[in-house]
Every structure is written in structure tokens, then in C-alpha cells.
Amino acid sequence: MDAVKLSRYLVLVVGSVISAAGHASNNVTPIDGQANEAIFQGWQVFSEACGSCHGDFGQGKIAPDLTQQIKTLSEEDFTRIVTNGKGLMPPWKANQEVMHNMGNMYRYLKARSSGVVQEGILMKPR
Ligand code: HEC
């Protein structure tokens, strides 16, 4: 395991321990019911598929900060761009997981943009 993978792993383990202990973590903002599940799903797929370029929390990396861009993007425009690609971004239409979670990813980024969800690892809702 290389250092980057190891540190990611440690972050996840520490996060799980904090969650298991039942303490409120700064990384998690509770949201009620269904939204919570949708946003969690959206974040999982987003961080897997998009994090390498846009940052695991949409904060921007080698590609734009989507927590800002999303403010002026409708869900239709978001879906169109992600499906077909834009500039240096590849199209995602062949990726079932991304296509099935389009709305969830949009909701996650909207929640990040409005500050309802902070930058950080989300826990699976109970
Ligand atoms: C290989 C790197 C890369 C990956 C992976 C990637 N993107 Fe992008 N994305 C970019 C780049 C670069 C741009 C800027 C394109 C431009 O404006 O020419 C961009 C632009 C966007 C935009 C448009 C922002 C705007 O307002 O113009 C959205 C929305 C977006 N990406 C969403 C996603 C989502 C969702 C995923 C994961 C399914 C993803 N991207 C994965 C590189 C990437």
C-alpha cells in the first residue's frame, strides 16, 4: 500500500471510529430522511468517479470547483454536461453508476454549495 492510499485508508478508519463512538463530527451535517440517503449516495459516486479531477468533495483540484459552478447550473444542464463531457472532461454516458446517480450527485453538490453539507467524509445514514 503506498503512502497516499494508506493515508486515505486511515482517514476512513478514523472517520468510522468517530461515527461508531456516536460523537458529532465536524465532517457530518445531519439532514433528514431521504435527502440524507440521496446525498450520501451522490457523494459516494461523485468521490469515486469525479474526485480525481474535481476533488472528493467537489472543491476543485485540476478541474473547476463545482460547489461554485453548480450555483448557476440547472439539473438538466448538469446532466447534459456530465453525460456528453465538456472540453477536457470525458463523457460519462457509458458509466451506469454515474448515469443512475446523476440526480444524487447534483443534490450532493447543491447541498455543498449552499453549505448544508460541509467539506468532508459523509457517514452512511442509519
Ligand atoms: C479527467 C478529469 C475529470 C473528471 C474525472 C471529471 N471531470 Fe468534470 N470537468 C473536468 C474539466 C477539465 C472541466 C472543465 C471543462 C471546460 O470548461 O472546458 C469539467 C467540467 C465539469 C462541469 C461543468 C462546470 C461548468 O459550469 O462549466 C461539470 C458539471 C462537471 N465537470 C461534473 C463532473 C462530474 C459529475 C464528474 C464525475 C461523474 C466529473 N465532472 C468528472 C474534468 C473532469
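## Residue G55

In this predicted model, G55 is buried because 20 other C-beta atoms lie within 10 Å, and a residue counts as buried at 20 or more. The residue belongs to the loop that runs between α3 (51-54) and α4 (66-69).

Beyond its neighbours within four places in sequence, G55 makes contact with G60 and K61. L66 is eleven residues from G55 in sequence, and the C-alpha atoms of G55 and L66 are 9.1 Å apart in space.

## Surroundings of the ligand

Which residues come nearest to the ligand? Of the 20 residues around the ligand, these are C50, C53, A63, G87 and M89. Two or more residues of the shell are contributed by each of α3, α4 and α5 (75-84).

By residue class, the shell around the ligand comprises 15 nonpolar residues, four polar residues and one charged residue.

## Overall fold

The protein has seven helices and zero strands. Its pattern along the sequence is accordingly written α-α-α-α-α-α-α.

Of the 126 residues of the protein, 21% count as buried. When contacts between residues at least 6 apart in sequence are considered, 66% of them join residues at least 24 apart.

## The largest nonpolar core

In soluble globular proteins, nonpolar side chains tend to be buried together. The largest nonpolar core of this model has 15 residues. Within this core, the residues that touch the most other members are I39, W43, F46, M105, Y108, L109 and A111. The elements that supply two or more residues to this core are α2 (33-49) and α7 (102-114).

## Residue F78

Leaving out residues up to four places away in sequence, F78 touches L73 and Y106.

Notes:
Residues are numbered from 1 along each chain as its sequence is written. This is a predicted model: local features need pLDDT of at least 70, side-chain atom pairs count only at pLDDT 80 or more; totals for chains, interfaces and linings use all residues. Helices (H or I, at least four residues) and strands (E, at least two) are DSSP runs, numbered from the N terminus. A residue is buried if 20 or more other C-beta atoms lie within 10 Å of its own, exposed if 12 or fewer, and partly exposed in between; C-beta atoms are placed from the backbone. Two residues are in contact if their C-beta atoms, placed from the backbone, lie within 7 Å. A residue is near a molecule or strand if its C-beta atom, placed from the backbone, lies within 6 Å of it. Ala, Val, Leu, Ile, Met, Phe, Trp, Tyr, Cys and Pro count as nonpolar, Asp, Glu, Lys and Arg as charged, and the others, Gly among them, as polar. A nonpolar core is a set of buried Ala, Val, Leu, Ile, Met, Phe, Trp, Tyr and Cys residues joined through C-beta atoms within 7 Å.
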